[in-house]
Amino acid sequence: NKFIKSKIKRDYFFITGNVPINIKYFIEKIEQGIKAKENLNFKTNLLSEMTHYHYFLKDKEFFKVMMNFLDLIDAEKLTNYKRYRLSDAWGFKQGFSHYTQEHDHLPAVVSGAIMLSKHPQHLYFPEINQTFECEPGNFVLFSSFLKHKNERNTTDKVRYGLSFNWYYNNDL
């Protein structure tokens, strides 16, 4: 009887900044993870090399960086949920011709990325017309429903980064 196709305004957040991070440590860990048998190389929206989704979940150095974001999420009330958990944390390596297909991170609540290398390839959020530059330590936190992508790497330079997702914790 009824068919409606329309757009609505929706609250979202998009936060960028720079965080101190041990670049060498994380690049070495990513190199190990992309060689592991459970890697997700060329199997996801990242058409590049990547670790498995839970690769950094037990990494103390990773959690030292995440604590900065946890404080920000709580202070700014970025979620409507009082209980949430970090469920995904992976690393990626994008070489020549590699790129990321447009996608979102639903059903996650908060998503983010940290860049580990300087690179001309950037992350683009078309729905909000925002670009995230690839500089060491640059981070972005965003509403998980925001679509994002990057174009093919046309250089011989490698782009390294970390990505992560927080989900509502309904197990508590």
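Modeller: Pairs of rings join Tyr25, Phe26, Tyr55, Phe56, Phe62, Phe63, Phe69, Phe139, Phe164 and Trp166 into a cluster, where a pair means Phe, Tyr or Trp rings (for Trp, the six-membered one) with centres within 6.5 Å, called stacked if the planes are under 30 degrees apart, edge-to-face if over 60, and tilted for the rest. This is a predicted model, in which local features need pLDDT of at least 70 and side-chain atom pairs count only at pLDDT 80 or more, while totals for chains, interfaces and linings use all residues. Residues are numbered from 1 along each chain as its sequence is written, and side-chain values use heavy atoms, with hydrogens and water left out.

Let us look closely at α2, which covers residues 60–76; helices (H or I, at least four residues) and strands (E, at least two) are DSSP runs numbered from the N terminus. With its 17 residues, α2 spans 25 Å from the first C-alpha to the last, close to the 24 Å expected (1.5 Å times one less than the number of residues).

Which residues of α2 are buried? They are Phe62, Val65, Met66, Phe69 and Ile73, where buried means under 20% relative accessible area, exposed over 50%, and partly exposed in between (1.4 Å probe, protein chains only).

After α2 comes Lys77, whose phi is positive, near 50 degrees.

Returning to the rings, the structure holds 13 aromatic pairs. One of them joins Tyr53 and Trp90, whose centres are 5.0 Å apart with 85 degrees between the planes, an edge-to-face arrangement. This pair links distant parts of the chain, since Tyr53 is in the loop between β3 (49–50) and α2, whereas Trp90 is in strand β4, 37 residues apart. Tyr53 is partly exposed at 33% relative accessibility, whereas Trp90 is buried at 3%. Another pair is formed by Phe56 and Phe62, which counts as stacked because the ring centres are 5.6 Å apart and the planes lie at 25 degrees. Both partners have a relative accessible area of 0%, so Phe56 is buried and Phe62 is buried too.

Finally, some backbone details lie in loops elsewhere in the chain. Leu106 and Pro107 are joined by a cis peptide bond, with omega about 10 degrees, and Pro107 sits in the loop between β5 (99–103) and β6. Phe42 is not a glycine, yet has a positive phi of about 60 degrees; Phe42 is found in the loop between α1 and β2 (46–47) and is partly exposed, at 44%. Ser97, also not a glycine, has a positive phi of about 75 degrees and lies in the loop between β4 and β5, where its relative accessibility of 33% makes Ser97 partly exposed.
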